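Q: Hi! Could you walk me through this one while I have it open?

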Amino acid sequence: MSKRNLSSPPSSPLARAAALCVCLALAACGTDTSKTAGSRAALGAVKSVTGLFAGGGGKAPAKAGPDLADLATRALAATPGPVMLGVVEKYEATLVIAPNASNGDYVTWKTPDLRTFSFKQGVLTSTRGFGDDLMSSQADDAIAMITQRRTGSATRTWYFLSGVGNTTALKMNCSYATGDPVHLKIGAIDARTTPVVETCQRGGVKVQNLYWVDRAGNVVKSRQWISGAMGYFVTQMLRQ
Amino acid sequence: MFGMPGLVEMPTAEAAPSGHFSFTYGTYGPFGRGTMAFQVTPRLTASFRYSSIAGYLPADPDYVNYDRSFDLRFRVLDESKYLPAVSIGLQDFMGTTPSSSEYIVATKSIGDRLRVTGGIGWGRLGSLNAIGATGVRPPRRPGPSGYPNYYQWFQGDFAAFGGVSYKVNDKITLKAEYSSDAYTLAGDRGYYTRNSPFNFGVDYALAPGWNLAAYYMYGNQIGLQFSVAMNPNRPTSHSGTEEAPHFVRPRPSRSADPEAWGTDWVNEPETGPGLQAALATALGKTGITLNAMALTATRAELRVTNNRYNSEAQALGRTFRIMTRAFPASVETFVVTLMRNGTPLSSVTMSRSDIERLEHAPAPEAFAAAQITDAAGRPDGMTLTPGLYPRFNWSLAPYFSIGLFGGEQAVSAELGLRLAGSYEITPGLVLSASLKKTILSNFVEATSPSDSVLPHVRSDVGLYNAQGDPSLEHLTLAWYARPARDLYSRVTFGYLEPMFAGVSAEVLWKPVDSRLGLGAELAYVVQRDYDQLLGLRDYSTVTGHVSAYYDFGNGFETQLDVGRYLAGDFGATVSIDRTFANGWKVGAYATFTDVSAEDFGEGSFDKGVRFSVPMEWALGKPSRTNTQTTIMSLARDGGAQLRVEGRLFDWVNEGHGDALAARWGRFWR
């Protein structure tokens, strides 16, 4: 086999076809999205498979740590109402999140890229738009323990989708403990809070959530579990 | 080396997790083996293998022998604290070469890392150092191939085999075995002689589901094996990276805002059209087409087509949510009718109060609150979305198709460009065409007609591949309709498929909540020219079937077609598929017609396995597309069916009760 001149453009039929394929996948065109979506998505899949072998596991690259105080100032300036900072630990990116909808006691907060988090009285009950979302929760007893800063135990249920898309429930027994009061001052928040530790366990699954709750029962800061694959979500309220 | 759970060449009693689906390719010496294996139930493993042997004919060194075979393994006993797992298996039980074998095998774990296996085998697995015999193994009966060799099973000499596997860590597993396969045929024919009964191997996990193995075989060969495994129960990607849905907008209470609950808006003529236009825009952004709307002071019905989501329930949930954001408070009853091909499939009715109340509850609660009913007919006041018809859609996109284990290639593939367009004149009346141009292909090509003694309805595929570039895949006018409650109809006219043109009519009876469907299809077709443009050949025929479809409700579905096939032969096709709620399907089919095994040619009758993988499962992005692959016997003329697009059951059933129930988990997604 002769040595290939590396500077020459790809000339084998395979290379030409591959180049054309990539161009078209980027530019598959038409009004029938059901036919063009496939090739676009397939390109994404090729990237994720190469990522798999590169050892990255498809994980989003860690973003450089932003200056939190600066981010808080800008977030507060951008909206007159409630706003929080959130970090999905797995992605290590800080999100600015504002409330988008409410239904009864549930408030849904939305990120600029259209992912959402729903809370009931500050306790995370569902997420949307991520892979492996938390679909819904039954957590009323737990919410009472947390917002009233009590010690004791309660059961709480998380609902997920299985691999085939069925609703599955994870019911865990949880214990609640409180810590010494902590003063939190960030953004428009200036509150004396009680840390509440929620420890839940079932079989091999163990979850530990943390809530900093003010005297009115508001969760000002928290670290809450989303799902096995998504891990934990950290929130910091900037304005209630 | 056989693509089933096992040691190097010897089987074990292990089974993969239910639903496990794997592709394996292994090679050593003159042998190559590609295997597709599927864990049908927790106990039953089935596999299909495509094998090649170089040097099979001593006189012709370039000749490579290709062979297809099927294996089955059933786990009789699960492993317990003191007892091993025990399985019983058949290898190559329908094949054409004398390499079939049967075995009983036991495997026991000792600790977490070590597994010990021992078994006895008959046939090929009883060919070395037999320790006993159960009668005399009768010779392979002469006659057509492709039928089970049941008269040989567990007959004749049996021998012992065994081995150990040791898991060093999550990546590396070491294996050693004693093989009871003497390679008698290989030795007699002279293409392979073994030196030792011992095999050793190391298996390395490259990534979850991807394995590479290296073996030292029979004292003189190095073997390599690569495998990829998937499980429908475990998506390769995260299952829901997409835009979050719009959220429910609850109404103010009647006492707090009585004005919002008024019904005067019904009398304003602009309200309905204004709402319809706004809804069409909002639904369009989430991949849903609003076909029509009917509105009164208390009830709203939307007819929608889901273009984006693998789960119709997900499209339903998104539509209901958007409805809460649009309609005045007095509208309490929401009906969403799912459409496909301009045809209503089912109506899902929910009270708006339930939608508001259940938004943050688990999806099964919303299912309990929903009513699913037939959607035939058009209710009073239904208004088509203005400007929607006639609709023109087109696409230009690359395509990639794979043929597995057909002809003399284990894998054949084609890459090309496809230009497709559809023009929907009114709901249900669609003119559509698809044109393709090959860029790269190793599909089999031929320069002369096949030697089949039947009319060449499929066997000239090589000529079609060779001459049809570019080709008109189809050019049809199709009319889909609902003649009555529970009934669906289709008439398709034109260039129906790459090899046939004509007219095909079909009717289907399928109640929305029924597990049983009954259908009938009749077609008059003329064979198309090899160049797949507009010309026709002089072969024409009438073909048609009556069909029954039944969903067993436990993940298995079956279909029976009885009728006249393309070559004029009469017979029946029976198929069974395992289906998963996320759209995965793995199944097998067989066709028996009055064509004799001799006239049919190799394989004796048409049979195959097929699988369908939803793109959403593979890519983690919403998509309605499935990739479908069928592995069939060679392209033969007996038992061949017309492949017309838009066959009713495939898309009608997707919008019915059981399919909705199966994918309801994504309702609030």
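**A chat about strands, helices and links**

A: Happy to! Let's start with a strand pair: in β15(B), Leu290(B) has Val304(B) as its bridge partner. This is a predicted model, in which local features need pLDDT of at least 70 and side-chain atom pairs count only at pLDDT 80 or more, while totals for chains, interfaces and linings use all residues. Residues are numbered from 1 along each chain as its sequence is written, chains are lettered from A and ligands numbered from 1 in the order in which they are written, and side-chain values use heavy atoms, with hydrogens and water left out.

Q: Thanks. How many bridges join β14(B) to β15(B), and do they run parallel or antiparallel?

A: The two strands, residues 288–295 and 299–306 of chain B, run antiparallel and are joined by 7 bridges. They form a hairpin with 3 residues between them. Strands here are DSSP runs of E with at least two residues, and helices are runs of H or I with at least four, numbered from the N terminus; two strands pair if DSSP finds at least two bridges between them.

Q: Which other strand pairs with β14(B)?

A: That is β19(B), residues 383–384, antiparallel over 2 bridges. There, Leu384(B) stands opposite Ala292(B).

Q: Is β14(B) mostly covered or mostly open?

A: Mostly covered: 7 of its 8 residues are buried. Buried means under 20% relative accessible area, exposed means over 50%, and partly exposed is in between (1.4 Å probe, protein chains only).

Q: Switching to chain A: which residues of helix α3(A) are buried?

A: In this helix, residues 68–78, the buried ones are Leu71(A), Ala72(A), Ala75(A) and Leu76(A). They sit on the same side of α3(A), because they cover an arc of only 130° around the axis. The arc is that of the directions from the helix axis to the C-beta atoms.

Q: And what covers them?

A: The cover includes β2 (83–88), β3 (93–103) and β14 (231–239) of chain A. Contact means heavy atoms within 4.5 Å. On the face turned away from the buried side, α3(A) carries the exposed residues Ala69(A), Thr73(A), Arg74(A), Ala77(A) and Ala78(A).

Q: What does Gln236(A) touch?

A: Gln236(A) is in strand β14 of chain A. Not counting residues up to four places away in sequence, Gln236(A) touches Met84(A), Leu85(A), Ile186(A), Val220(A) and Lys221(A). Gln236(A) counts as buried because its relative accessibility is 13%.

Q: How many disulfides does the structure hold?

A: There is 1 over all chains, a disulfide being a pair of cysteine sulfur atoms within 2.5 Å. Cys174(A) and Cys200(A) form it, with their sulfur atoms 2.2 Å apart. The pair links distant parts of the chain, 26 residues apart: Cys174(A) is in β9(A), residues 167–178, and Cys200(A) is in β11(A), residues 189–202. Their link is right-handed, with 110° about the S-S bond, and both cysteines, Cys174(A) and Cys200(A), are buried.

Q: Nice. How many salt bridges are there over all chains?

A: A search of the whole structure finds 37. A salt bridge is a side-chain nitrogen of Lys or Arg within 4 Å of a carboxyl oxygen of Asp or Glu. Glu9(B) and Arg33(B) form one, their closest N and O atoms 2.7 Å apart. Glu9(B) lies in the segment before β1 of chain B and Arg33(B) in strand β2 (residues 31–39) of chain B, so the pair ties together parts that are 24 residues apart in sequence. Both Glu9(B) and Arg33(B) are buried.

Q: What about Arg124(B)?

A: Arg124(B) forms a salt bridge with Asp181(B), the closest N and O atoms being 2.6 Å apart. Arg124(B) is in the loop between β7 (114–123) and β8 (132–134) of chain B, and Asp181(B) in the loop between β10 (172–178) and α1 (184–189) of chain B, so parts 57 residues apart in sequence are tied together. Arg124(B) is partly exposed at a relative accessible area of 24%, whereas Asp181(B) is buried at 4%.

Q: Last one: which residues are linked in a salt-bridge network?

A: Asp133(A), Glu242(B), Arg318(B) and Arg669(B) are linked in a network of salt bridges.
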